[in-house]
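Trainee: Could we go through this structure together before the meeting? I would like to start with the helices and then move to individual residues.

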Amino acid sequence: MTTETLPTPTTTPTSDPAVDVAIQTAASNGASDRVLGLACRNCGRAEPLGASYVCPACFGPLEVAYDLSRVRATLDRATIASRAPGIWRYLELLPVSVAPARGLPVGSTPLLAAERIGSALGIDGLLIKDDTRNPTLSFKDRAVAVAAARAVEFGITTLACASTGNLAGATAAAAAVLGLPAYVFIPSDLEPAKVDHALAYGATVVPIDGTYDDVNRLCLEIADETGWGFVNINLRPFYAEGSKTLAFEIAESLGWRSPDVVVAPIASGAMFTKLARGFDQLAEVGLIERRPIKYVGGQAAGCAPVATAWEQGTEVKPVRNPDTFVRSLAIGNPADGGYAVEQANASGGSVEAITDDVTAAAIRDVARLEGIYPETAGGVTLAAAGAARRRGVIRDGDEVVALLTGNGLKTPDARSLGIGLGRDGEDRPGLTAPIRPSFAAFEALLGDVSG
């Protein structure tokens, strides 16, 4: 491979060598926009903006490169505060030219004190970032909004995705708003509620007999053959940037500072690593003070390649046959798994493997104690926070933000695991037998329940 000699940069070097290379290359081409292009995360090679996701030199992942010195000169807290709620209030740190004219109202979800579940987990300073309140009830709306906006700028006319569940609905809804056809490819054993969600928005849903990794491999081929905009494949560099808005909102909600610990689920690892990139960029442009943050990840024990690699100090080894009801995290060969391990290690954090019964108990606990009903990934996240506390990663006095990334209405059967349902599913705590429409019948029932 021939190495190109680049001119000396005219801007202050950043903390990201890949971005520095992109700045140099963009400067040599006369580029001046804050979005410089793409850069390989592995070798730093610069590539032009486009529907591309892999470095042609080393096959590493491509990321969006920014001129953060330009952003620092134009963006401040007052400007952000003057803008409408939603992810586009942070436009200068996102890879689109202008905020889209059409789209769902994504982001600006609440950061909530969670004293009761925090006490149960032994974490006094627990906060919950409640992303169950996004338009399609998951954080995937953030990533899809950015990918869809870039797809429109590229002139792409069909949106598609390979999904473990939440992405299916998010892609379908985003396409509906834009008037674009949507194709959603899923494992055939996906939760019915998530399938129905995507269908409701008019998407064509294609179940595949196989794991998510089988689905993803097929979609790689389809993307190459059709030129469709697969949000998490050929639009992945832009899609992944949407997760940074979680970090932006957390910092803004805390009065423009970072917490001590962030706890998040890990599927592909993209969101986990982009959280760190978001906080890093806020510090780079002067919106927050740079301070240490520990990153704690959670995976289902039945599909825990990242947690296993972290625990054993090895490379991430694919899980061929996931065995868990946490389907939203059941990615056996996570694209960013190695980076997630590095991030946990570098920050002094951890990656915890959580069994399904513990996940179900955590779902019930946070719903009962905080009035928030998360799906399985949320149960994994809260249980991972508890495991990290017991491990000593989370210490006394730490301010901890846990991300609840999807709504429990999408996985309605999950919370029941381990509580002894009858075969007909009707023997549920809190659900009484039918009664006659009379106060006397209610009094009798009340006596039975309270007795």
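Mentor: Helix α10 is followed by G255, whose phi is positive, near 80°. Please keep in mind throughout that this is a predicted model.

Trainee: How many of the residues of α10 are buried?

Mentor: Eight of its ten residues are buried, so the helix, which spans residues 244-253, is mostly covered. The buried ones are K244, T245, L246, A247, F248, E249, I250 and A251.

Trainee: And what about W256, what is its phi?

Mentor: W256 has a positive phi of about 60°, although it is not a glycine. W256 sits in the loop between α10 and β10 (261-265).

Trainee: Is W256 buried or exposed?

Mentor: W256 counts as buried, at 12% relative accessibility.

Trainee: Changing topic: at what angle do α14 and α15 pack?

Mentor: Helix α14 (residues 356-370) and helix α15 (residues 376-391) pack at about 95°, and their axes are 8 Å apart. With that angle, α14 is roughly perpendicular to α15.

Trainee: Which residues make that contact?

Mentor: From α14 they are V358, T359, A362, I363 and V366. From α15 they are T376, G379, V380, L382 and A383. By class, the contact of α14 with α15 has seven nonpolar, three polar and no charged residues.

Trainee: How do the axes of α6 and α7 cross?

Mentor: The axes of helix α6 (residues 166-178) and helix α7 (residues 192-200) cross at roughly 10° and come within 8 Å. That makes α6 roughly parallel to α7.

Trainee: Which residues meet there, and how do they divide by class?

Mentor: N166, A168, G169 and A172 in α6 meet K194, H197 and A198 in α7. The residues of this contact divide into three nonpolar, three polar and one charged.

Trainee: On to aromatics. How many aromatic pairs are there?

Mentor: A search of the whole structure finds six. In one of these pairs, the rings of F154 and F238 have their centres 5.5 Å apart and their planes at 70°.

Trainee: Why is that pair edge-to-face?

Mentor: The planes of F154 and F238 are at 70°, and the pair is edge-to-face because planes over 60 degrees apart count as such. F154 lies in helix α5 (residues 140-154) and F238 in helix α9 (residues 236-241), so the pair ties together parts that are 84 residues apart in sequence.

Trainee: What else is found in α9?

Mentor: E241 is found in helix α9, and at 0% relative accessibility E241 counts as buried. Not counting residues up to four places away in sequence, E241 touches V64, Y66, L93, L94, P95, K274 and R277.

Trainee: And V35, what does that residue touch?

Mentor: Leaving out residues up to four places away in sequence, V35 touches L49, V64, A65, Y66, L94, P95 and R150. V35 lies in strand β1 (residues 35-40) and counts as buried, at 7% relative accessibility.

Trainee: Where does the charged end of R41 sit?

Mentor: The charged end of R41 sits over the ring of Y339, 3.9 Å from its centre. Y339 is one of the buried residues of helix α13 (residues 337-347), which also include G337, A340, V341, Q343, A344 and S347.

Trainee: What do those buried residues pack against?

Mentor: The buried residues of α13 pack against α11 (270-284), β11 (294-300), α12 (305-312) and β12 (350-354). Just after α13, G348 takes a positive phi of about 80°.

Trainee: Last one: where is T211, and is T211 buried or exposed?

Mentor: T211 is in the loop between β8 (204-208) and α8 (212-226). T211 is buried, with a relative accessible area of 19%. Apart from neighbours within four places in sequence, T211 is in contact with P187, R320 and P322.

Notes:
Residues numbered from 1 in each chain as written. Predicted model: local features only at pLDDT ≥ 70, side-chain atom pairs only at ≥ 80, totals over all residues. Heavy atoms only, no water. Axes fitted to C-alpha atoms, helices over the stretch in contact; angles between N-to-C directions. Helix = DSSP H or I, 4+ residues; strand = E, 2+ residues; numbered from the N terminus. Parallel < 35°, antiparallel > 145°, perpendicular 65-115°, else oblique. Contact = heavy atoms within 4.5 Å. Nonpolar A, V, L, I, M, F, W, Y, C, P; charged D, E, K, R; others polar. Phe/Tyr/Trp six-rings, centres within 6.5 Å; stacked < 30°, edge-to-face > 60°. Lys NZ or Arg CZ within 6 Å of the ring centre and 35° of its normal. Buried < 20%, exposed > 50% of the residue type's maximum accessible area, 1.4 Å probe, protein only.
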